[in-house]
Amino acid sequence: MRPAPGGNGDVFLTKLDAGLGTLLYSSFLGGFGPEIAFAVAVTPSDDPVIFGQTGSQDLPTTTGAFQPGPGKTGPRGTNDCFLARVDGATGAPRFVSYLGGALDEGCHADVRVAPDSTIYIGADTQGFDFPTTPNADQPSNLTVVSGTFLVKVNAAGSALDYSTLFWGA
């Protein structure tokens, strides 16, 4: 999170007081490419959780993030998803992470937060190499063009507790 935009369209997060008259904090998240936020949820401790799409190779991820770098490594994929959790009192990032494989991810989805602050996401991917966990119901499929993913991220943003793909026949 930073005080000014840094690329070709960044996500911003602003918090106002209850009367909407005082700015408590406002900051930007993004790299050189475009970022779009598609979903926001709030943890039980009032931390915003932002899920969206990035075209940046240089998204400022945090130390210990479950995927610190982009999944795309060549010209084939242009977009990964990102997940960020922000301290609700200060606006400082608790974690920022990429989420994606070598091909495009469609991050037009919803994000849900459980009472223990575990984060759940479901969206779509074209990536047969989307990051999955060893206990995945469907870890990959090399023959289908696109599918859906379901991800469970721990509250600290340091690990995928569960990640699976759902592919059509």
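Below is a short chat about the predicted model shown above.

Me: What sort of model is this, and what pLDDT do local features need?
Reply: It is a predicted model, where local features need pLDDT of at least 70, side-chain atom pairs count only at pLDDT 80 or more, and totals for chains, interfaces and linings use all residues. Residues are numbered from 1 along each chain as its sequence is written, and side-chain values use heavy atoms, with hydrogens and water left out.

Me: How many helices and strands in the protein?
Reply: Zero helices and ten strands. Both are DSSP runs numbered from the N terminus: helices are H or I with at least four residues, strands are E with at least two.

Me: Where do cysteine 81 and cysteine 107 lie?
Reply: Cysteine 81 is in strand β5 (residues 80–86) and cysteine 107 is in strand β7 (residues 105–113), so the pair ties together parts 26 residues apart in sequence.

Me: Left-handed or right-handed, that disulfide?
Reply: Left-handed, because the torsion about the S-S bond is about -100 degrees.

Me: Is cysteine 81 buried or exposed?
Reply: Buried, with a relative accessible area of 0%. Cysteine 107 is also buried, at 0%. Buried means under 20% relative accessible area, exposed over 50%, and partly exposed in between, using a 1.4 Å probe and protein chains only.

Me: What share of the protein's residues count as buried?
Reply: 46% of the 169 residues.

Note on methods. A disulfide is a pair of cysteine sulfur atoms within 2.5 Å.
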